[in-house]
Amino acid sequence: MASMCRRQFLRQVGVTGVALRADSWVGRAAQVQTRTSTHARVIVDPARPVASLDRRLFGSFVEHIGRCIYGGIYEPGSKLADPDGFRKDVLAEVRQLGVPIIRYPGGNFVSGYNWLDGVGPKKDRPRVLNLASNSIESNQFGTNEFLAWCRAVGTEPLLAVNLGTGTPERAANLVEYCNVEGGTRWSDLRRQHVVEKPYSIKYWCLGNEMDGPWQLGHMPAKEYGLKARDAALQMRTVDPSIKLVACGSSEVTMPTYLEWDRQTLEECYDDVDAISLHHYFGNGLETGGDSSKFLAINLMMDRQIEEIIAVCDMVRGRKRSKKQLWLSFDEWNVWYRKNTEADMNGQRKEAPHLVEEVYNLEDALVVGGLIITLLRHSDRVRLACLAQLVNDIAPLVTNADGVLRQTIYYPYAWALKYGRGNALNLVVESETYEVPEIGRVPYVDIAGTFDPESGSTTLFILNRDMIKAREVEVMWREGAPTRVSECQVMTGPDLKAYNSFEAPKRVIPQSLERPKAGARMTFELPAHSYTLAHLPG
Ligand code: AHR
């Protein structure tokens, strides 16, 4: 197995969590002015977009880890499986969610993966050791199964190539296998595997977390940058239309944070389209278990995005390049309970229970906050993946009889359903509170979208106040809505409440009283809550 996990490495270098940092910052929320009442105000102007939203902002991720693939999306022996072995219950949930893009096959797993093991007749596929999580990999689910599953759920694939133990040549072979019509060695192999038409996969990740000493094939930034460049050149020769994401820093707490990104991009800026960001947030050592700090943690995501943008644009300037990179936040979530070394060790079992984080109400509020951050940076973050989708650090969990929606399912589902059109540049005024490591934090955080096609607006609102309900007065500069068609809230007396197969509806959205629609309207937000309001034009 990989010699250490991410947490163990960070402990060794003296980082005990995703630490909040001791400098004052409130990011984009700096637009927020301090008010001294429980009354917040927001001005909505549909004519002030941040960006036209790329639906890929709300993607997800499935990896060969634990029970994500085997027992999650694929379980041939199950009473719930279809003739292809896909779990019908999971398939229906993912289809209903409408996840636009899904990253595969890893994660750490990809850095030791030989994609050739996972194609061709299933009976001939080797059982191998999954070195990333010390588990047994049967290879019964591989590239073609994943791509068939993507079609069945109606999503787009985002494939990662192995730049750890793998070579740029093997990566280019996979592009040829997937995207070339026929008449060449690897495209003909695909046809032999009974897939006539090429898949035309557009988005590709050039490895995974190559800055991390836990990563198979980890190397210094300059070397990785050169390898990524070589892979990009070979892959693009096979298919010039593909979009490529280079590996950025895997943690803001890495000793090489930002330097890794700079050095990597110095080598491969001209050959890639985007750089990746990863971040898992927690209410453990990093916040001292203080929920009011935890609810502010999306501001750390704002900061990370802005710092990586600064590095990209600095390298761009040095290269006098016309091209501006976009960001792929291709692993984000809450994750801090099940992430010890033991939680990542499959003990040489097949589909072991690993990193099965149980999410509570406060995690759902934080996921809501992280969605707000992604929306306000959607001009540069064009793609992002909630990590992961099923069983392992996931909104959906399976057992032999069905699938459970965890608390974080709901804010994610709202973003997918209502986050359409343009993200708006809102003007927000809110009272603030002090989080020493962050600075002044507004009690109320808001993002909004406006869909020019339907004329409808959606507001996503986080009330970080642990004790008090807060009023938000919303004022429309133009195009005031005629009604509030949907107004739902995630809240409750117990921030630690969670769903289980025994009590699947303990934490679910509730209806919130709809204010009268007009050029000015006031929402009453319960203490510690996340609200969705949808307002047709
Ligand atoms: O998502 C779980 C793991 O977290 C992924 O394999 C890896 O990329 C990250 O460290």
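Predicted model: local features only at pLDDT ≥ 70, side-chain atom pairs only at ≥ 80, totals over all residues.
Trainee: Why is N108 called buried?

Mentor: Its relative accessible area is 17%. Buried means under 20%, and therefore N108 is placed in that class.

Trainee: What makes the pair N108 and Q215 a polar contact?

Mentor: The side chains of N108 and Q215 are joined at 2.8 Å. A polar contact requires a pair of N or O atoms within 3.5 Å, one able to donate a hydrogen and the other to accept it.

Trainee: Which other residues are in contact with N108?

Mentor: Leaving aside neighbours within four places in sequence, the contacts of N108 include E63, A132, N208, E209, W214 and M344, besides Q215.

Trainee: Where is Q215, and how do you know whether Q215 is buried or exposed?

Mentor: Q215 lies in the loop between β8 and α6. Its relative accessibility is 3%; the cut-off for buried is under 20%, so Q215 counts as buried. With neighbours within four places in sequence left aside, Q215 is in contact with G107, N108, S111, N208, E209 and M210.

Trainee: Why is Q140 called partly exposed?

Mentor: Q140 has a relative accessibility of 24%. Partly exposed covers the range between the 20% limit for buried and the 50% limit for exposed, and therefore Q140 belongs there. Q140 is in the loop between β6 (135-137) and α3.

Trainee: What does the side chain of Q140 reach?

Mentor: The side chain of Q140 reaches the backbone oxygen of K122 at 3.1 Å. K122 is also among the residues that Q140 touches, together with Y70, Y74, R125 and E145, when residues up to four places away in sequence are not counted.

Trainee: What makes L131 partly exposed?

Mentor: L131, in the loop between β5 (128-130) and β6, has a relative accessible area of 38%. That value falls between 20% and 50%, so the term partly exposed applies. L131 and L216 are 85 residues apart in sequence, and their C-alpha atoms are 8.2 Å apart in space.

Trainee: How do you know that the span of helix α4 is close to the expected one?

Mentor: Helix α4 (residues 168-179) has 12 residues and reaches 16 Å from its first C-alpha to its last, close to the 16 Å expected at 1.5 Å a residue.

Trainee: What makes α4 mostly covered?

Mentor: In α4, 10 of the 12 residues are buried. Among them are P168, A171, L174 and V175. The elements covering the buried residues of α4 include α3 (143-153), β7 (156-161), α5 (185-192), β8 (203-206) and α6 (221-238).

Trainee: Which residues meet where α4 and α5 pack?

Mentor: On the α4 side they are R170, N173, E176, Y177, C178 and N179, and on the α5 side R185, W186, S187, L189 and R190.

Note on methods:
Residues numbered from 1 in each chain as written. Heavy atoms only, no water. Helix = DSSP H or I, 4+ residues; strand = E, 2+ residues; numbered from the N terminus. Expected span 1.5 Å × (residues − 1). Buried < 20%, exposed > 50% of the residue type's maximum accessible area, 1.4 Å probe, protein only. Contact = heavy atoms within 4.5 Å.
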